[in-house]
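Biologist: I am new to this structure. Please show me how to read it.

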Protein chains: 2
Amino acid sequence: MTLAFCATTAHKPIAPVSWNTSKGEVVLLDQTLIPQQVVYRTVATVETMVEAISTMVVRGAPAIGIAGAFGVVLAAQSALQRGLEGSVFQEAVVQQALALRESRPTAVNLMWAIDRMLATLYKLIIRHTPQKEICDSLLVEAQLILDEDIAMNRAMGKHGAALLPENARIVTHCNAGALATGGFGTALGVVREAFAQGRCAMVYADETRPRQQGGKLTVWELQEDGIPVTLITDGMSGALMRTLKAQGSGVDAVIVGADRIALNGDTANKIGTYNLALVAKAHGVPFYIAAPSTTFDTSLANGEGIPIEERCGTEIVGVGDSAIAAEHTVVWNPGFDVTPADLISGFITESGVFQASQLPQWLAQQPVSLT
Amino acid sequence: MTLAFCATTAHKPIAPVSWNTSKGEVVLLDQTLIPQQVVYRTVATVETMVEAISTMVVRGAPAIGIAGAFGVVLAAQSALQRGLEGSVFQEAVVQQALALRESRPTAVNLMWAIDRMLATLYKLIIRHTPQKEICDSLLVEAQLILDEDIAMNRAMGKHGAALLPENARIVTHCNAGALATGGFGTALGVVREAFAQGRCAMVYADETRPRQQGGKLTVWELQEDGIPVTLITDGMSGALMRTLKAQGSGVDAVIVGADRIALNGDTANKIGTYNLALVAKAHGVPFYIAAPSTTFDTSLANGEGIPIEERCGTEIVGVGDSAIAAEHTVVWNPGFDVTPADLISGFITESGVFQASQLPQWLAQQPVSLT
């Protein structure tokens, strides 16, 4: 890891990706160190950003989209500093943008954000805009992507919270929170809004093996905001639903985020989501996907075409410094799974809550779609 | 941990619990250290055995039953050495036996084995058998429990293997292997027999959070025997079934062990089993419980009465030396869950494979039942 170090104390609200105007650099909250350390890292080059995305210093579909957008700004700045002009300038930026675009394969927000930045670039180039102005305009666009993401999260929070009963008990998986987005959260944005309305009694957080984003990030993020959270392992959700029901209450909803959603509603999200959806179905618990329009991939009719990242087996064979199985152990380590649309009770978006069958019509109205 | 140390190299077949005749002590394979170290510990007192059971140096329902039986022998030896006689001798042994009986609450084999040992004790006391002879007879009885367990495992292996197709792909959870039993395995006994018949293509082992008995024990045990095994996390079983099916093969069966089975077939097993059963059901994959008659509790009409051990939250908040969440994090950590009988395709026992509805008739024929 060659990232520059810039330790600070935590501040609120959580800002996983931001732009340091005075230095012209991106600042990332290092999510590989939470909850043990809250460390912000500065990212000044595209190479460092690619590394930060692929090693999950920044993770979460919307957050890596925003990080990718700022990465394109870094690419343009670099080309400007090297004195490149015209088509050479354009080619240098595009080449680095494509490297960013490929730094993780499953979450479509990254591709969407890069494509939006490139569309902006092409428009400026055609108009013979000076390179310095291009850099400034790209920065404005990236900041807009960030601001829009937070605004979408807040809208989703309102739409989603309205689905929940009083004293709601909610199960979530992985981290679809402030850390995974511009700063409010998709699934946890709904939780935040419900809690603000006094309607969230408890969040049960799947720890989310192998990388434990639930245990590390979701628990920390909710604790920071004083929202009640109970940590469980991924295999406990069924027992939890049965046990709470036997006690006279029950789980009211499962709410998770998404990395890519096909036109029919099939949803790729962190591995373990599909099992949780099956468990919810068996218990009659509503299962919601909370995701902005930028997570939908209208080029895919269904989930079969979603590329699933396979990650290194060492994530399973060991946990931190603790070895579990022998190093030569054969493992299967897909980073994501696909939950079929028929298991999904509703899609909580910035425009409202939709059934899978309503998605194509809504998505056709969206101004920006994946090219 | 006050257990005496006695490091040796691994030997085959795996013997998790055995009696050292020359020293008059129990020898336990320390399952908290596998796969990093293969260490046998000698246990010379009941106190040490209680600690070994509660800290899971020995674990697995049949294995802790056997360990408990040998523990009663240690209790009798201790009373003999202290020169106790008559009712005082009996009372001393019973008191220690009850401590053993309570060292873990869920697996019924422990209670069954202790009760069988106490029944033997009472019979000998009534006949005014000399204390030395009582000790010898109790040792014979404990060794018989061990030998019978292995024989039952081998019978279950044959009955279970007959259920499987050629090139079977099997998912299992936790460790229901040689390590969990007298030495052949319940679920993994079926796997062993199927592999010996050339019919087991792959075992997919759930790592089994929080204590990772799948990742640590099942993987090691199968690797030792050269049986192909792939490690997955507990949240991957659904994705695995979908992915293999899409590739034209599929998972042929889920086979797990049990800690306690009620008369109607409701089955307590390691936490995460219930989720796996729901996932199997959703994919039309047969879900089998492999367990000997000693794991059935005929005193319980259904699973509601099975006591579920809640273990310390530190098992979830950290893994080995690696912290996950803050120490003050609220966790829920049930050691077991109950899978309802209607999710279970069959019970693989030493007498054959039964449907839940056939269990009461079969169990009524068993010579020994829980008192």
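Modeller: Start with surface. Accessible areas come from the Shrake-Rupley method with a 1.4 Å probe; for residues, only the protein chains shown count as cover. Chain A exposes about 13200 Å². Carbon and sulfur atoms supply 52% of that area. This is a predicted model: local features need pLDDT of at least 70, side-chain atom pairs count only at pLDDT 80 or more, and totals for chains, interfaces and linings use all residues. Residues are numbered from 1 along each chain as its sequence is written, and side-chain values use heavy atoms, without hydrogens and water.

Biologist: What percentage of the residues in chain A is buried?

Modeller: Buried means under 20% relative accessible area, exposed over 50%, partly exposed in between (1.4 Å probe, protein chains only). In chain A, 64% of the 371 residues are buried.

Biologist: Is T295(B) buried or exposed?

Modeller: T295(B) is buried, because its relative accessible area is 0%.

Biologist: Where is T295(B) found?

Modeller: Strands (E, at least two residues) are DSSP runs, numbered from the N terminus. T295(B) sits in the loop between β11 (287-290) and β12 (296-297) of chain B.

Biologist: Which residues does T295(B) touch, not counting residues up to four places away in sequence?

Modeller: Contact means heavy atoms within 4.5 Å. T295(B) touches V108(B), N109(B), A258(B), D259(B), R260(B) and I261(B) under that count. R260(B) lies 35 residues from T295(B) in sequence, yet their C-alpha atoms are 5.2 Å apart.

Biologist: What joins the side chains of T295(B) and N109(B)?

Modeller: A polar contact of 2.9 Å. The term means a pair of N or O atoms within 3.5 Å; within protein, one must be able to donate a hydrogen and the other to accept it, and residues adjacent in sequence count only if both atoms are side-chain atoms.

Key
Chains lettered and ligands numbered in written order. Helix = DSSP H or I, 4+ residues; strand = E, 2+ residues; numbered from the N terminus.
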